[in-house]
Amino acid sequence: MNPKQSVVVVGSGIIGISVGLALQQAGCRVSIIDRGSPSQNASEGNAGAFALADIVPLATPGIMRAAPGWLLDPLGPLSIRPSYIFSIAPWLIKFWRASWSDRFPSLMKAQAELMSFSRSALERQAQLYRGEPLLRREGQLRLYDSRDTFRASSSYWQACREYGITYDLLGSSREIEEIQPGLSTKFQHAGYTRDWLNVSDPKQWLKNLQDQFVERGGLVECRDVRSISANSNTVEVYCVDESLSCDFVVIAAGAWSKSLAQTIGDDIPLETERGYNTTFSPGHFELKTHLTFADHGFVVSKVGSKVRVGGAVELGGLSAPPNFDRSKILLSKAKQFLPTMSTVDGEEWMGFRPSMPDSLPVIGTSPKQPRVIYAFGHGHLGLTQSAATGELVRDSILGKPWPIASSPFSPGRFRH
Ligand SMILES: Cc1cc2nc3c(=O)[nH]c(=O)nc-3n(C[C@H](O)[C@H](O)[C@H](O)COP(=O)(O)OP(=O)(O)OC[C@H]3O[C@@H](n4cnc5c(N)ncnc54)[C@H](O)[C@@H]3O)c2cc1C
């Protein structure tokens with residue numbers, strides 16, 4: 001197919017920008033349009049981890065037995081807004097179905113393949129766009145509260161081994177302390193993934209890529225897209241005040257992509273998992289590595305010279321205002337786990353993770369319209385999988401075979 005295609009990418013988050021760069025590099029004429037940022041775009045405020053070891057889908061076998069306990073625990077990692085229970089029910093049923101033993105292994109295999117490809121795509125992206133100085137290579141400590149929860153995580157570590165992710169298991173607070181001083185001595189068990197990567201700051205990472213897209217002749221415009229229509233020759237993108245014609249459109253509008261897909265007749269079960277974090281200015285805690293508190297669903301990461309405490313999953317849709325009590329819960333735990341950390345005067349933030357019930361993103365051509373390509377639904381892993389998504393969308397538009405199996409990511413996979 002002719003690489004001189006004109007492509008409009010809807011969304012200038014990390015997925016839209018990575019798609020734009022990959023298409024631009026292949027010779028396409030690319031415009032990226034975005035309605036201008038509410039600061040809740042997940043790409044600016046996330047934890048900054050290239051979580052390449054996180055190959056285990058969220059819907060693990062047995063998760064539905066654990067979920068009621070989390071929901072009942074006011075300090076638990078999961079909450080559902082009561083007013084949203086009926087709206088989220090169909091998604092939760094699909095989530096539960098994804099955890100069954102006839103589906104879970106193939107979902108994990110697909111996630112592991114995408115992660116392995118994400119690692120090499122990130123290296124290419126970092127090299128092409130001066131990304132290396134913006135990366136931190138400081139590893140990750142995944143911490144467990146007790147011997148029991150550590151033992152219960154054996155399938156996680158087994159999966160990592162099976163898919164070639166290297167790690168060391170630590171069995172004493174002394175070994176943990178050598179990597180990260182200042183943790184509560186209750187932590188006696190951890191896994192250390194040495195070659196885990198972080199960006200120094202997700203906002204800066206995004207800005208660097210955006211700047212380089214523009215430097216290379218790409219166009220980023222402020223427009224609010226309302227609907228899309230397409231025929232066999234062209235696509236029409238209807239914005240609030242005018243419409244744009246192009247050869248292909250890529251929908252990379254994060255958690256807001258579902259309603260745009262509906263305008264061309266695709267019903268894709270995208271939801272949002274709202275996440276919270278609080279960022280502290282330098283001096284609050286000296287962080288040496290990325291910390292994941294596996295039994296509590298939150299992380300502590302470095303952002304520039306600041307420290308960010310973030311995580312939590314709140315199912316509540318796109319329109320409800322933030323409930324920053326969720327951040328305060330994370331902080332009360334962070335204070336227990338990092339006793340010397342000061343948790344005053346932090347800056348609170350909430351963002352919308354675009355999430356699919358089977359934990360795999362939607363990447364590929366619309367079942368209804370071959371000129372409409374989807375790239376959304378990366379959930380907790382959008383930064384990690386962004387460079388890979390850019391290359392896969394490029395291959396879809398240029399009609400090239402993918403380097404990994406495409407069907408697990410297909411937009412039509414929930415149709416039956
Ligand atoms: C608390 C938290 C921590 C996280 N930590 C990590 C992490 O450490 N590592 C990781 O890999 N991932 C992490 N994630 C997930 C990651 O941030 C997301 O998966 C990723 O940012 C999604 O990127 P996106 O480009 O798809 O969406 P977004 O960043 O939300 O961008 C979508 C864009 O589309 C635009 N848009 C929407 N609708 C329209 C429209 N109609 N017209 C025009 N423009 C439109 C929006 O304005 C927005 O700019 C985290 C998320 C949260 C909330």
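Ala, Val, Leu, Ile, Met, Phe, Trp, Tyr, Cys and Pro count here as nonpolar, Asp, Glu, Lys and Arg as charged, and the others, Gly among them, as polar. Residue numbers run from 1 along each chain, as its sequence is written. The model is predicted: local features need pLDDT of at least 70, side-chain atom pairs count only at pLDDT 80 or more, and totals for chains, interfaces and linings use all residues.

Start with the whole chain. Its secondary structure comes to twelve helices and 21 strands. These are DSSP runs numbered from the N terminus, with helices (H or I) of at least four residues and strands (E) of at least two. The C-alpha trace spans about 65 × 45 × 40 Å along its principal axes. For 416 residues, a compact globule would have a radius of gyration near 22 Å, and the chain agrees with 21 Å. That radius is taken over C-alpha atoms, and the globule rule is 2.2 Å times the number of residues to the power 0.38.

Next, the domains. Domain 1 covers 6-43 + 204-269 + 360-409, and domain 2 covers 54-102 + 133-197 + 270-355. Such bounds come from an automatic or database domain assignment. The domain centres, taken over C-alpha atoms, are 28 Å apart. Domain 1 gives 19 residues to the contact and domain 2 gives 15. Contact means C-beta atoms, placed from the backbone, within 7 Å. On the side of domain 1 that touches domain 2, α9 and α10 (257-262) each supply at least two residues. The largest share, three residues, comes from α9. By class, that side has eight nonpolar, ten polar and one charged residues.

Now the ligand. It is surrounded by 41 residues, and the closest are Gly11, Gly13, Gly254, Gly275 and Gly382. Two or more shell residues come from each of α1 (14-25), β2 (29-34), α2 (42-45), β15 (271-280) and β19 (347-355). The shell has 18 nonpolar, 19 polar and four charged residues. Both domain 1 and domain 2 give residues to this shell, so the ligand lies between them.

Finally, follow α1 to its partner. The contact of α1 with α9 pairs Ile14, Ile17, Ser18, Gly20, Leu21 and Gln24 in α1 with Leu206, Leu209, Gln210 and Phe213 in α9. By class, this contact has six nonpolar, four polar and no charged residues.

Terms used
Near = placed C-beta within 6 Å. Contact = placed C-beta atoms within 7 Å.
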